[in-house]
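Here are a few friendly notes to read with the model open beside you.

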Amino acid sequence: MENILIIEDNQDVNFMLSKAIKYAGYNVKSSFTGIDGLNELKTNSYNLVLLDIMLPYKSGDQILKEVRQFSSIPVIIISAKDIISTKIDLLKLGADDYITKPFDLGEVVARVESNLRRYSISNNSISSLFTYKDITLDENTKEVKINNTLLDLTAKEYMILELLIKNQNKVFSKSNLYESIWHEEYIGDDNTIKTHISNIRNKLKKFNPMENYIETVWGLGYRLYKN
C-alpha cells in the first residue's frame with residue numbers, strides 16, 4: 001500500500017484530503033508546517049506528496065527545491081494561486097502536477113492515482129540507489145554494500161547511515177539524529193547515538209580500513225567526510 005504525505009497548514013483542508021485519500025485505500029501522514037513536512041520526507045519513505053505553497057516556517061517552493069535534491073517522488077501542488085506564471089515556475093522546479101483550490105476531492109484522488117501509476121511505470125525495475133565513496137545504499141531493498149559486499153547493519157544503524165548519505169553535506173546534531181531515527185524527544189542520551197555511530201564506523205572500517213566515512217564535527221554533531 002502506497003504512503004502519501006500531505007503538507008498543508010489548514011487543518012480542515014488537511015483533514016478533508018486525508019480522509020478522502022485514506023478512503024481510496026492509501027496510507028496517509030499529515031504535516032502542518034513546511035519544516036515538519038521536509039523532515040518527514042527526509043526520514044521516512046513516501047510514494048507521493050500533496051504540497052501546499054503557503055506554509056509556515058518554510059514555503060512549498062523551498063520544500064520542492066530541497067526534495068528534488070534527494071528524491072524523484074511525485075509532488076502534486078495544491079494552491080489557491082491560480083496564476084499561470086506560478087504554475088509554470090513550480091512545474092519547472094520539479095512539481096509533477098498542480099491543483100487549484102477550491103478543488104473536487106474526486107479529482108484530487110484521480111490525480112494521485114494517475115501520478116502514482118505514471119511514477120511506478122517509469123521506475124519499474126529501477127532501484128533507488130544512493131552512493132558515497134565506495135558505499136552503495138539501495139532504498140528499495142534496504143541493503144548497504146561496500147564494493148558490492150553486503151554490510152550487516154541493524155535497522156537503526158541502516159536508518160542513521162541512510163540519513164547521512166541522503167544529506168551528505170549536512171551536520172546532524174545528536175538531538176537531530178535521535179529525534180529523526182527514534183521519533184522521541186532527545187533528553188541528552190549521548191550514549192545511544194555514540195554507540196550506534198561507533199558500531200557503524202567499526203563495520204565500515206572492517207571492509208575498508210583505509211577509508212574514513214563518518215566525521216565528528218566537534219560541538220555540532222556528525223556528518224560524512226566530504227569527498
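1. A word on terms: axes are lines fitted to C-alpha atoms, for helices over the stretch in contact, and angles run from 0 to 180 degrees between N-to-C directions. Helices (H or I, at least four residues) and strands (E, at least two) are DSSP runs, numbered from the N terminus.

2. The model is predicted, with pLDDT of at least 70 needed for local features and 80 or more for side-chain atom pairs, while totals for chains, interfaces and linings use all residues. Residues are numbered from 1 along each chain as its sequence is written, and side-chain values use heavy atoms, without hydrogens and water.

3. Helix α2 (residues 34-43) packs with helix α3 (residues 60-67) at an angle of about 15°, the axes being 10 Å apart. The two, α2 and α3, are therefore roughly parallel (angles under 35 degrees).

4. Which residues make the contact (heavy atoms within 4.5 Å)? From α2 come Gly34, Leu38, Leu41 and Lys42, and from α3 Ile63, Glu66 and Val67. They divide into four nonpolar, one polar and two charged; Ala, Val, Leu, Ile, Met, Phe, Trp, Tyr, Cys and Pro count as nonpolar, Asp, Glu, Lys and Arg as charged, and the others, Gly among them, as polar.

5. Helix α2 also gives five residues to the lining of the second largest pocket, the largest share. Strand β2 (27-31) and α7 (174-182) are, with α2, the elements that give two or more residues to this lining. The lining residues divide into two nonpolar, nine polar and six charged.

Key:
Parallel < 35°, antiparallel > 145°, perpendicular 65-115°, else oblique. Contact = heavy atoms within 4.5 Å.
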